[in-house]
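Have the structure open as you read.

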Amino acid sequence: MDEKTYGLDLNEEITPLKAREAMIACFVQAHSEVMQDFKEYHKFESEEEFEKMEQVNVGTIVRTIFKDAGADFDHPTKQDLLNAMKKLADYAVNFRSPEIVKKHAAEMQLILDKLN
């Protein structure tokens with residue numbers, strides 16, 4: 001069965017870096033509605049410009065969350081990822097419903113459970 005979650009094939013080996021990239025993709029997806037609201041109030045030259053801004057915004061948030069969690073963004077361990085995921089969920093609940101945050105956290109947990 002070909003099962004993908006945030007771009008990762010769960011039947012293949014998952015590395016901490018792949019899991020981190022999936023975490024970013026998860027957060028982009030979960031945070032996209034907030035960003036769309038932001039888009040309504042600011043003018044962008046193109047959709048590409050908006051997408052670049054969104055990636056920078058999300059990347060900054062995720063890096064900050066990793067730092068706040070005492071986690072290494074560049075060389076994460078499974079524990080770093082677990083700590084960052086908890087902090088991201090705590091952050092996200094300020095913008096999203098608890099149900100959506102729980103859904104995304106559960107999907108990320110499937111990925112993190114694949115790490116050694």
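Start with helix H2 (residues 47-68) and helix H3 (residues 78-92), which pack at an angle of about 120° with their axes 9 Å apart. Keep in mind that this is a predicted model, where local features need pLDDT of at least 70 and side-chain atom pairs count only at pLDDT 80 or more, while totals for chains, interfaces and linings use all residues. Residues are numbered from 1 along each chain as its sequence is written, and side-chain values use heavy atoms, with hydrogens and water left out.

That angle makes H2 and H3 oblique to each other, since angles under 35 degrees count as roughly parallel, over 145 as roughly antiparallel, 65 to 115 as roughly perpendicular and the rest as oblique. On the H2 side, Ile61, Val62, Ile65, Phe66 and Asp68 meet Leu81, Ala84, Lys87, Leu88 and Tyr91 of H3 (contact means heavy atoms within 4.5 Å). Sorted by class, this contact has eight nonpolar, no polar and two charged residues.

Now turn to helix H1 (residues 16-41) and helix H4 (residues 98-112): their axes lie 10 Å apart, at an angle of about 170°. H1 and H4 are therefore roughly antiparallel. H1 brings Ala19, Ala22, Met23, Cys26, Gln29 and Ala30 to the contact, and H4 brings His104, Met108, Ile111 and Leu112.

With 10% relative accessibility, Thr5 counts as buried (under 20% relative accessible area, with exposed over 50% and partly exposed in between, using a 1.4 Å probe and protein chains only).

Definitions and conventions:
Axes fitted to C-alpha atoms, helices over the stretch in contact; angles between N-to-C directions. Helix = DSSP H or I, 4+ residues; strand = E, 2+ residues; numbered from the N terminus. Nonpolar A, V, L, I, M, F, W, Y, C, P; charged D, E, K, R; others polar.
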